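Please read this short report alongside the sequence and the 3D view.

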Amino acid sequence: MFTALANHIGVLPKTIYEICIGRRGISPGMAMKLSQALGGRPQFWVNLQMNWDLSQLDVKAFEDIPPIAAEA
């Protein structure tokens, strides 16, 4: 499964496997390769990565940063 895609885009099967299990991210270059092979725009693949990265954040760790509000 990983081997066919990996060979098609010129990467190691381990690379595809690690992306699939969340151990490796999708770089802009990888996004372009996936776009060419599987369809979708490169931005689609980069956005998937960004959404994953954001979902892994502990939002509570940022609660101590107050908003900067403009005074009226």
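From the N terminus on, the elements run α-α-α-α. The chain has four helices and zero strands; helices (H or I, at least four residues) and strands (E, at least two) are DSSP runs, numbered from the N terminus. The radius of gyration is 17 Å, well over the 11 Å that the globule rule gives for 72 residues, so the chain is more spread out than a compact globule. This radius is taken over C-alpha atoms, and the globule rule is 2.2 Å times the number of residues to the power 0.38. The C-alpha trace spans about 60 × 25 × 15 Å along its principal axes.

This is a predicted model, in which local features need pLDDT of at least 70 and side-chain atom pairs count only at pLDDT 80 or more, while totals for chains, interfaces and linings use all residues. Residues are numbered from 1 along each chain as its sequence is written, and side-chain values use heavy atoms, with hydrogens and water left out.

Of the 72 residues, 21% are buried. Buried means under 20% relative accessible area, exposed over 50%, and partly exposed in between (1.4 Å probe, protein chains only). The chain exposes about 5800 Å², and carbon and sulfur atoms supply 61% of that area; the areas come from the Shrake-Rupley method with a 1.4 Å probe, and for residues only the protein chains shown count as cover.

Contact means heavy atoms within 4.5 Å. Among contacts between residues at least 6 apart in sequence, 21% join residues at least 24 apart.

Next come the aromatic rings. Rings of Phe, Tyr and Trp (its six-membered ring) pair if their centres lie within 6.5 Å; planes under 30 degrees apart count as stacked, over 60 as edge-to-face and the rest as tilted. By this rule there are two aromatic pairs.

| Pair | Centre to centre | Angle between planes | Type |
|---|---|---|---|
| Phe2 and Tyr17 | 5.4 Å | 80° | edge-to-face |
| Phe44 and Trp45 | 5.1 Å | 80° | edge-to-face |
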